[in-house]
Amino acid sequence: MKKLLTALLISITLGATFWACSTEKKENSKPAIDESAVAIKLAPVQVSDYSLPVISSGLISTETESKLSFKVGGVISRIYVKEGEAVSKGQLLASLDLTEIDAQVAQAKNNLEKTKRDLERGQRLLKDSAATLEQIQNLQTSFNVADENFRIASFNKQFATIRANTSGMVIKKFVNEGELIGGGTPVLTLNSAAQNDWIVKIGLPDVDWVRVKKGDRARIVTDAYPNEIFDGELNVINEGADLASGLYQAEVKVKPGNRKLASGLFAKVEIAPSVKRKLQTIPIESIVEGQGKNAFVFVVKEDRKSVRKLSVVIAYLENQKAYVSKGLEQVTEVISAGSAFLTENSTVKIEQ
């Protein structure tokens, strides 16, 4: 019995020793953890069609804003409207004193009648061989000149009054009744507010001018309605730059809906160019050592432990995203979290 008990104890002792050694070997076989590895996270490189909005500002006006004037000079007899007054197309707005103008018309008419009589008398004398052909030709010329002078005087009388060229609003009155005014001097400014054809006039630099085209959608914000966004559309783009500012003038048509607008309101315009570029997007925290449009990002190598540094060209930064135009052509993932602590010799561990 003692021999059996001794053998059993030896067997148990040997088993325990074997298990302990086996366990120690298994623990020793586990890979060692590199405590210096930098914890990182990866972000996918996405491709999207994008174009940076064109931002500008200007004053609201209407498509038809006219400075109305008399064709001839004279003394202003009546101005029938006031600033801010609504008018309809064809409505009489102002008139000159016609005393001098009527006299000019009468004088031209009398001269026309005289030259007509002289021409008729000369034609009768020519038949009787009492006048020469040259004399008749001279009389004919005098009659023609008198006829044209009468037409000019009559035309000037017609434009000795100002009528509304469109339905709208009188936004400026420059002169008053009784003033002496020259032909072509502005008397009233009239817009076409009644037609609701509001626009914003803006200036575009050449880098933005090449990116937009007629019909591009726009968003308009005004100080008068700070919490509202009006829809718009790029309606006119000038082909030549303004000599003073160097900017290309453009007009954005505004859709005010049921809101009341007025000429002179300041507006901010954001145009969304319809011509877009295919760009790669990454989180903005992936960018390291940026200078201007040039920057760097880190990507993980094939062993998933080491990294390499890539040079990229940034097109735009917007909404915590970086739009990259060059440098990530064959890359599907970049390092986002932890990239600021990396060097090209760093060891990394990827966290989910």
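Start by selecting helix 2, residues 99-127, and colour its buried residues: I101, V105, A108, L112, T115, L119 and G122. Buried here means under 20% relative accessible area, with exposed over 50% and partly exposed in between (1.4 Å probe, protein chains only). Keep in mind that this is a predicted model: local features need pLDDT of at least 70, side-chain atom pairs count only at pLDDT 80 or more, and totals for chains, interfaces and linings use all residues. Residues are numbered from 1 along each chain as its sequence is written, and side-chain values use heavy atoms, with hydrogens and water left out.

An α-helix has 3.6 residues a turn, so residues three or four places apart point the same way. Now show what those buried residues of helix 2 pack against: strand 8 (92-96) and helix 3 (133-158). Helices (H or I, at least four residues) and strands (E, at least two) are DSSP runs, numbered from the N terminus. If you draw a distance from the first C-alpha of helix 2 to its last, the 29 residues reach 43 Å, close to the 42 Å expected at 1.5 Å a residue; that expected span is 1.5 Å times one less than the number of residues. Step just past the helix and click S129, which takes a positive phi of about 60 degrees.

Zoom out for a moment. The protein has four helices and 24 strands, and buried residues make up 33% of its 352 residues. Of the contacts (heavy atoms within 4.5 Å) between residues at least 6 apart in sequence, 72% join residues at least 24 apart.

Next, pick strand 14, residues 217-222. In a regular strand the side chains alternate between the two faces of the sheet. Strand 14 has A218, I220 and T222 on a covered face, and R217, R219 and V221 on an uncovered one. Strands count as paired if DSSP finds at least two bridges between them. Strand 14 runs antiparallel to strand 15 (residues 230-241), with four bridges, and antiparallel to strand 17 (residues 266-272), with six. Centre on A218 to see both sides: G232 stands opposite in strand 15, and I271 is the bridge partner in strand 17.

Now go to S61 in strand 4 (residues 54-62). S61 counts as buried, at 8% relative accessibility. Leaving aside residues up to four places away in sequence, S61 touches D197, W198, I199, K201 and S263.

Time for the rings. Those of Phe, Tyr and Trp (its six-membered ring) pair if their centres lie within 6.5 Å; planes under 30 degrees apart count as stacked, over 60 as edge-to-face and the rest as tilted. By this rule the count comes to three aromatic pairs. Select F155 and F159: the centres are 4.8 Å apart and the planes at 50 degrees, so the pair is tilted. F155 is partly exposed at 39% relative accessibility, and F159 is partly exposed too, at 35%.

Then select W209 and Y248, a stacked pair with 4.7 Å centre to centre and 20 degrees between the planes. W209 lies in helix 4 (residues 206-209) and Y248 in strand 16 (residues 248-255), so the pair ties together parts 39 residues apart in sequence. Y248 is buried, at 17% relative accessible area.

Last stop: K309 and F296. The charged end of K309 sits over the F296 ring, 4.9 Å from its centre; the rule asks for NZ of Lys or CZ of Arg within 6 Å of the ring centre and within 35 degrees of the ring normal.
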